[in-house]
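Hello,

Here is the structure I promised to pass on. Please open it first, then read the notes below.

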Amino acid sequence: EHIKGTAKFDLSLRAFDAGNQIIFQLEYCNKLFESQTIDRIIGYFRTITYDAARHPGKAIKEIEVIPESRKNELLYGFNKDLHDPSLKGTLQEKFIENVNCHRHRNAIQYDDYQITYSLLDKYSSAVSIQLIHRKIEQKKPIGVYLDNKIDIITLLIGILKAGCVFVPIDTVLPVKRVREMLRTAAVHLIFTTTAHKENYLSTCGESASAVEFIDVDDSFFSEYPLPAQEKNRTWDRDDPVYIYFTSGSTGTPEAFLGKNNSLLHFINWEINKFNVTAGFRVSQLSAVGFDAFLRNIFTPICAGGTVCIPRNRDLLMDSYALAQWIRKQHIELLQCVPAIFRLFNIHSLNPGYFKTLKYITLSGDVLIPYDVEKCYDTWGRDIQLVNYYGTSETTLAKFFHFITREDAQKIRIPVGKPMPGA
């Protein structure tokens, strides 16, 4: 029997002695729990009490709480797509496949500057050839310590082609922290600029000798002309492909290793979920030091889409300028943190202001229901908000929730359900 009222606590259970029976009352806050969840909890509790009554000598740990059907769903149903034969190949093969299909399409839009798939393939292959000529072994970590995002993207793809592991380092970090990160990740070769190299050398002194630098100047990508037949390396889905670091909010930043199949799993999911196709335009607003940077790159370029990058980093601090940029660049998928989303002066924008924007994915911080309410008051259901959840170690995200207007009335926005195969 369900009775509506005001809950004093988030979740509480009371028991009453009614002579020849015991009556239980479960009280819950419906802004935190759905009725289906409470029904499932009641079912588990009934299982425990019935079994305990029939077998007084049985230990609690011996009671099977979860029905066999539910257990199969948890163990096998959620992961049935993990071994899907259609999920094959590698990230490198996915990129090359799209190069062959979309050679003359724009892979990257940097305000008014464009780079095609053909050029991105050519320049990234030049990076791969340099690493191979230097006899750098596969799976070796290679640092990337730059400001220019086009160069960063090109280098990451080139490092992948060489079968090595890329380690992106944000240039805004203190140099001594960068030194510790390079030491932790065992990086001995790093792509950077002359200015960043000199700053690193002057700060770190003799300890800087453990790292070899490759200067990325204006002529860098044309230094190694492509041979008639490029020497390809073999790639495997189980290969490590990147090393990132946690924020260090609980102490020293910890390094974590991402694998080819894990990253490709997320990219394939996002491409299919948002119907990313040729020409689809995706924002790139993330800092290079956060792993969210990867989904902003590989989702579009593994589907023939376009990575859209603002030239001015200060754009993120100006809500009106950012809104103008999103509109001018015809962004269809905006990926950002809730703080950036909060910057939008939503009530000053017309409902049809973003003519092309279809999805906004949010991750990296808590999304406040009030921000969701403002969004729906202005845009209605024209733009779908999606909440992502998952620690960095789980490869970008593993839970998702398509937000509804009703979620704005809840205390917290749900983290959702696991992605198939997660």
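Are K161 and D121 buried or exposed? K161 is buried, and D121 is buried too. Buried means under 20% relative accessible area, exposed over 50%, and partly exposed in between (1.4 Å probe, protein chains only).

A word on the source. This is a predicted model, where local features need pLDDT of at least 70 and side-chain atom pairs count only at pLDDT 80 or more, while totals for chains, interfaces and linings use all residues. Residues are numbered from 1 along each chain as its sequence is written, and side-chain values use heavy atoms, with hydrogens and water left out.

**The whole chain**

The protein chain has twelve helices and 17 strands. These are DSSP runs, numbered from the N terminus: helices are H or I with at least four residues, strands are E with at least two. The C-alpha atoms fill a box of roughly 90 × 55 × 45 Å along the principal axes. Of the 422 residues, 45% count as buried. Take the contacts (heavy atoms within 4.5 Å) with a separation of 6 or more: residues 24 or more positions apart account for 67% of them.

**Salt bridges**

A salt bridge is a side-chain nitrogen of Lys or Arg within 4 Å of a carboxyl oxygen of Asp or Glu. The whole structure has 13 of them.

- K161 pairs with D121, with the closest N and O atoms 2.5 Å apart. This pair links distant parts of the chain: K161 sits in helix α5 (residues 149–161) and D121 in helix α4 (residues 117–133), 40 residues apart.
- D215 pairs with K197, and here the closest N and O atoms are 3.3 Å apart. D215 is in strand β8 (residues 212–215) and K197 in helix α7 (residues 194–204), 18 residues apart. D215 is partly exposed, at 29% relative accessibility.
- K358 pairs with E332, at 2.6 Å between the closest N and O atoms. K358 lies in the loop between α11 (338–343) and β14 (359–362), and E332 in the loop between α10 (319–328) and β13 (333–336), so the pair ties together parts that are 26 residues apart in sequence. K358 is partly exposed, with a relative accessible area of 38%. E332 is buried, at 13%.

Salt bridges that share partners also join R179, E180 and R183 into one network.

I22 is found in strand β2 (residues 22–28). I22 is exposed, because its relative accessible area is 54%.

Best wishes
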